[in-house]
Amino acid sequence: MGKIFKVAVRDYIETVNTKTFLISLLMTPVLIGVIIYISRMQEKGEGPQPPRHVAAVNVPDELAADLDSAFSRYNESHPQGLIILEQHGKGENEGREALLDRLREDVRSGRLEAFCVLDDDILEGKGGLHFYTRKVSEFEFGRTVRDLFSEAVVNFRFIKNGLSPKLVNELSRRVPLEVVDLSAKKEKKADGFAIFIVPFFFMFLMFFGIFGISGNLLMSVIEEKSSRVIEVLLTSVSPFRLMAGKILGQCAVGLTLVAIYGTASYITASLRGMSNLLNPVMMIYFILYFLPGFLLFSSLIAAIGSACNSLKESQNLMQPLMMVVLVPIMLWFKMVQHPEGTLAVVLSFIPPMTPMVMILRLAARPDLPLFQIIASFLLLLLSVPAFMWAAAKIFRTGILMYGKPPGVREILRWLRSD
Amino acid sequence: MTDCALSLEKISKSFGDVRAVDSLSARLPAGCIYGFLGPNGAGKTTTIRMITDIIHPDSGEIVILGETAIERVWHRIGYMPEERGLYRKMKVRKILSYLGALKGMKGEALSRAISRWLEELGLADKADNKVEALSRGMQQKLQFIATVINDPELVILDEPFSGLDPINLDLIQGIMTRLREAGRTVIFSTHMMEQAEKLCDYILLVNRGRKICDGTLDEIRERYRTNQVVVELEGDTGFVGELPLVKGSKKDGRSLEITLQDGADQQELLMALAGRARVNAFQVKVPSLHEIFVHLVGESNG
């Protein structure tokens, strides 16, 4: 045990005490902060925009007033981004081709953002709107204009049929919904945002804790192999202890990261009055699933590292492993909505995925069947020695093997060697 | 302490179809410098790696410091592999204290040993430098320190002299001699015969994975003695070829290389020569290890 500890301490210090580690430690939250800031900025709009001009051709005279009022209502509520409508009534249809050519020119020169041509029967409910623009990718703008036209047209139809638009709106209002969460002891109003984001946050923290440092472990193993220091080490410590020490050292690095990010998130959440989202029970679950999950994965990574002479070579072998981890990330949205669905339950019992899937499900629904929690945890726990045993065998052979990197098949053959 | 530091009993190792080491046996007495000689590809490194349990022999038995399980004597062994390497980003002192600690040393004793060795090998002012900042020769010396930091009873050095300049070569050889005087056993492999001749008490010569000969340096020289003398005589030397003791002679500049009849005594020849001419020089020719090596390797390849 003493040697495992010594190896672990060296690996921990040599990993944490590097500029790369410090930078990655600082960069990640900064990056997350920047992303949050940008998305918040987008919600608020990007500040005052110059007014955008839109022309409409073939506007029925009956619609002109409704259109104007729809646009002016919009402009009142969006002073940062005015939309100015120029109407060309049916009366101008004589020189329509010339008009359209002129408008095309205006759009290209930038005077107009877009122009639209109304079908003749737009008021009867069949015809539609033809939207001409240079910036087709700004579909949101097109949709806004469409909505404003719809509003005007629908209003017109109501009035034409003797209905009050105001009354229709009131009558067709949808039934309001309030979701109350009963999964915790204390009933609380569910927060739509938190329902999705908190489980994702936990899953991501798990992903990050387990994988953020996997690169370090891979590098540390490959360094010992390619610098040939391994032969010196192996006349002092057994391959298994060396591997165990390295894994423990990196596990400590992972815990350091999780502790720092966890604390930072908690402080952020508290400052924003959301600390109730991160409860201590979840923290306990997190650590319980993190430790075996980490051991399992880093055994695989140590085995892969031992078989390769450079980081580049390891990419091929890392790919299948990455696939396994990406599955929960790709399916999180479905699982968060159906934490007790077949998909989520099945993935919970595939040991390499267990930690991420279970923490996601537990965050989404704290009252998961106890049976599933215990069974998935035990399965994970029991698979750790099996994975470590297999990894140690691969490590023992691989770490002294130079030359061409082995394929998966050859690695599997090492498992059978004595 | 056992009298035998290391014994190899018919160890063999094949890589694919190549028999790298073929039924090699040897006994290494404790307290000597043991040279492990052979041309490139003879199986020296493979044998050393089997001794250090880096690779397993296909068959045979290795007893090291009285144990068959090497992990029991790790702390009594120092090993310098042929392919050198240390953590490039670590500082000199930290590496030594890590490797020393893995060998079971601790605290004050360890840090004293580190300081002493760094001082001795002229690396004291580099203690806080990273390995990658050292020159190749310095890294080599650092690797040597890492090998002997735990004052091992058995020091195993694979090609210890490659890449060393003459000054460092003398330094390392001096330390090897001193280790022997302190009762340690040193095994090293080399294909540089002059170094082996200067240092070794015992020699094991291998070629193509097989032992060609082994024994003390004197024994081997005696075994391959050619019974030749080199003399310098004044005057006519024509009579030499007619002496009954002489099998043949060859003139080489001012000197004459004389091959004696089998079993003939060199002292008798000297008397016979002195009776007939003035002898300015008389030297019994001792075969150099280099000559024996070339002769034996050539023979076993032929």
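Of the 302 residues of chain B, 35% count as buried, a residue being buried if 20 or more other C-beta atoms, placed from the backbone, lie within 10 Å of its own. The structure is a predicted model, in which local features need pLDDT of at least 70 and side-chain atom pairs count only at pLDDT 80 or more, while totals for chains, interfaces and linings use all residues. Residues are numbered from 1 along each chain as its sequence is written, and chains are lettered from A in the order in which they are written.

Chain B contains nine helices and 13 strands, where helices (H or I, at least four residues) and strands (E, at least two) are DSSP runs numbered from the N terminus. The C-alpha trace of chain B spans about 75 × 45 × 35 Å along its principal axes. Among the contacts in chain B with a separation of 6 or more, 70% join residues 24 or more positions apart, two residues being in contact if their C-beta atoms, placed from the backbone, lie within 7 Å.

The contact between the chains takes 21 residues from chain B and 15 residues from chain A. On the side of chain B that touches chain A, β5 (77-80) and α2 (92-102) of chain B each supply at least two residues, and the largest share, four residues, comes from α2(B).

In chain A, four strands form an open sheet of mixed pairing in the order β2-β1-β3-β4, two strands being paired if DSSP finds at least two bridges between them. Because β2 (83-89) and β4 (129-133) of chain A stand at the edges, each with a single partner strand, one side of each is left without a neighbour in the sheet. Strand β1 (residues 52-59) of chain A pairs with strand β3 (residues 114-118) of chain A in the parallel sense over four bridges, and A:A55 has A:F115 in β3(A) as its bridge partner. Helix α5 (residues 139-160) of chain A packs on the sheet, where it touches β1, β3 and β4 of chain A.

Helix packing is also found elsewhere in chain A: the axes of helix α8 (residues 214-226) and helix α10 (residues 239-271) of chain A come within 10 Å and cross at roughly 150 degrees, with axes taken as lines fitted to C-alpha atoms over the stretch in contact and angles running from 0 to 180 degrees between N-to-C directions. In this contact, A:N216, A:L217, A:S220 and A:V221 of α8(A) meet A:K246, A:Q250 and A:V253 of α10(A).

Notes:
A residue is buried if 20 or more other C-beta atoms lie within 10 Å of its own, exposed if 12 or fewer, and partly exposed in between; C-beta atoms are placed from the backbone.
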